[in-house]
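Work through these exercises with the model open beside you. Each task is followed by a solution in steps.

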Amino acid sequence: MTTAGPATSDRITGVEISSVTLPLPTAISDAKVLTGRQKPMTEVAMLFAEITTEGGLEGVGFSYSKRAGGPGQYAHACEIAPVLLGEDPSDIAKIWDKLVWAGASVGRSGLSVQAIAAFDVALWDLKAKRAGLPLAKLLGAHRDSVRCYNTSGGFLHAPIGEVLDRAAESVDNGIGGIKIKVGHPDNATDLARVRAVREKIGDGVALMVDANQQWDRPTARRMCRALEPLDLVWIEEPLDAHDFEGHAVLASHFDTPIATGEMLTSVAEHTELIRAGGADIVQPDAPRVGGITQFLKVMALADSRNLQLAPHFAMEIHIHLAAAYAREPWVEHFEWLDPLFDEHLEISGGRMHLSPRPGLGVTISDQARAWTVAEQQFHA
Ligand SMILES: [Mg+2]
């Protein structure tokens with residue numbers, strides 16, 4: 001069915017999908033590795049979508065997968081890509097529905113919508129470029145910069161000396177907060193590491209911890225109590241990501257805010273989390289929930305409950321979305337994706353700054369092209 005009318009001025013004529021394997025400089029471990037549930041992470045599978053139009057515009061989007069799922073996301077994207085051709089690229093909500101119906105039998109969450117996310121992000125990039133605006137401005141920004149904190153320096157494979165050096169380096173580089181991973185089998189090791197970082201960075205710098213879902217309820221209660229005096233900005237994923245009720249109990253019993261949501265892959269799951277009162281700080285991830293269109297729904301829901309927002313990973317996308325959130329949010333700093341793009345975000349004074357470049361403000365680097373393991377093109 002065509003819905004084109006006098007308001008339609010452009011159409012999608014080309015879609016290019018590429019699968020890029022991003023190597024990580026060191027093997028990464030969080031609590032999931034310590035509990036034996038996962039192996040250390042050595043690479044990130046990136047899914048890029050480049051959408052071109054009759055009018056000569058181009059949008060770039062990406063999604064990603066850690067440890068497994070990259071080839072599956074790519075395969076699903078290739079299967080559903082043809083439904084984009086001929087559509088008005090501005091009709092993003094309609095296109096999202098079309099894409100999800102094209103793969104309806106594999107569901108409306110998880111890998112299927114993560115494949116759609118690459119297209120959805122590319123369409124928002126394209127729309128903002130058409131308007132000549134940074135994406136945050138197209139959405140309606142509340143601010144031109146967002147508080148940022150570093151995560152990449154605080155993983156569990158790193159000895160405490162290295163964590164302290166990285167924390168100091170991040171603060172020197174203008175980053176406003178430090179998050180470290182917890183979840184050692186021995187709680188005392190976690191507490192000693194958190195205290196050491198607090199001592200190193202001082203009371204003026206924001207500090208968070210992340211247990212990556214690996215505590216049980218009694219351990220989480222004990223650790224939340226033990227961590228109270230350290231004035232943390234939040235405790236992240238103390239429990240299994242789907243234990244909304246358990247998170248709600250922690251959020252109501254302790255003063256330290258509880259943050260979670262990164263593992264959820266649909267608006268429906270976020271709705272359940274938020275209704276349960278499981279998060280003081282909601283941590284949606286645009287690539288994981290199906291793109292910006294879905295992320296905006298989570299954002300509206302979080303706002304309606306007066307919750308705080310701290311999107312997970314993918315700062316290149318999330319700076320724009322966080323800038324458009326009503327309450328002062330946090331964006332997570334990882335330098336991992338830096339080699340994939342020619343442009344990099346400016347950081348100073350504890351904040352990450354929006355660039356004046358239209359759209360997401362990124363172009364795919366030659367290095368990313370060199371790391372491409374599969375690509376497919378579709379033309380109208
Ligand atoms: Mg986390």
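Strands are DSSP runs of E with at least two residues, numbered from the N terminus. The model is predicted.

**Exercise 1. Determine whether Glu 332 is buried or exposed, then find the polar partners of its side chain.**

Step 1. Locate the residue. Glu 332 belongs to strand E11, residues 330-333.

Step 2. Check the accessible area. The relative value for Glu 332 is 3%, so this residue is buried.

Step 3. Look for side-chain partners. The side chain of Lys 179 makes a polar contact with that of Glu 332, at 3.0 Å.

Step 4. Look for backbone partners. A polar atom of the Glu 332 side chain lies 2.8 Å from the backbone nitrogen of Phe 313.

Step 5. Widen the view to contacts beyond four places in sequence. Those of Glu 332 are Tyr 149, Thr 151, Lys 179, Pro 311, His 312, Phe 313 and Met 315.

Step 6. Follow Met 315 into its helix. Met 315 is one of the buried residues of H13. Helix H13 covers residues 315-323, and nine of its nine residues are buried.

**Exercise 2. Repeat the analysis for Gln 214.**

Step 1. Locate the residue. Gln 214 is in the loop between strand E6 (206-210) and H8.

Step 2. Apply the cut-off. Gln 214 has a relative accessible area of 13%, so it is buried.

Step 3. Find the polar partners. The side chain of Gln 214 makes a polar contact with the side chain of Arg 37 at 2.6 Å. A polar atom of the Gln 214 side chain also lies 2.9 Å from the backbone oxygen of Asn 212.

Step 4. The contacts of Gln 214 include Ala 31, Lys 32, Thr 35, Glu 237 and Pro 238.

**Exercise 3. Characterise the packing of H8 against H7 and against H9.**

Step 1. Start with H7 (residues 187-201) and H8 (residues 217-227). Their axes come within 11 Å and cross at roughly 30 degrees. Angles under 35 degrees count as roughly parallel, so H7 is roughly parallel to H8. The crossing of H7 and H8 is right-handed.

Step 2. Identify the residues that meet. H7 brings Asn 187, Asp 190, Leu 191 and Val 194. H8 brings Thr 219, Met 223, Ala 226 and Leu 227. By class, this contact has five nonpolar, two polar and one charged residues.

Step 3. Turn to H8 and H9 (residues 244-253). Their axes are 11 Å apart, at an angle of about 25 degrees. That makes H8 roughly parallel to H9. The crossing of H8 and H9 is right-handed.

Step 4. Identify the residues here too. Arg 217, Ala 220, Arg 221 and Cys 224 in H8 meet Glu 245, Gly 246 and Leu 250 in H9. The classes are three nonpolar, one polar and three charged residues.

Note on methods. Residues are numbered from 1 along each chain as its sequence is written. This is a predicted model: local features need pLDDT of at least 70, side-chain atom pairs count only at pLDDT 80 or more; totals for chains, interfaces and linings use all residues. Side-chain values use heavy atoms; hydrogens and water are left out. Helices (H or I, at least four residues) and strands (E, at least two) are DSSP runs, numbered from the N terminus. Buried means under 20% relative accessible area, exposed over 50%, partly exposed in between (1.4 Å probe, protein chains only). A polar contact is a pair of N or O atoms within 3.5 Å; within protein, one must be able to donate a hydrogen and the other to accept it, and residues adjacent in sequence count only if both atoms are side-chain atoms. Contact means heavy atoms within 4.5 Å. Axes are lines fitted to C-alpha atoms, for helices over the stretch in contact, and angles run from 0 to 180 degrees between N-to-C directions. Angles under 35 degrees count as roughly parallel, over 145 as roughly antiparallel, 65 to 115 as roughly perpendicular and the rest as oblique. A crossing is left-handed if the near helix is turned anticlockwise from the far one by less than a right angle, and right-handed if clockwise. Ala, Val, Leu, Ile, Met, Phe, Trp, Tyr, Cys and Pro count as nonpolar, Asp, Glu, Lys and Arg as charged, and the others, Gly among them, as polar.
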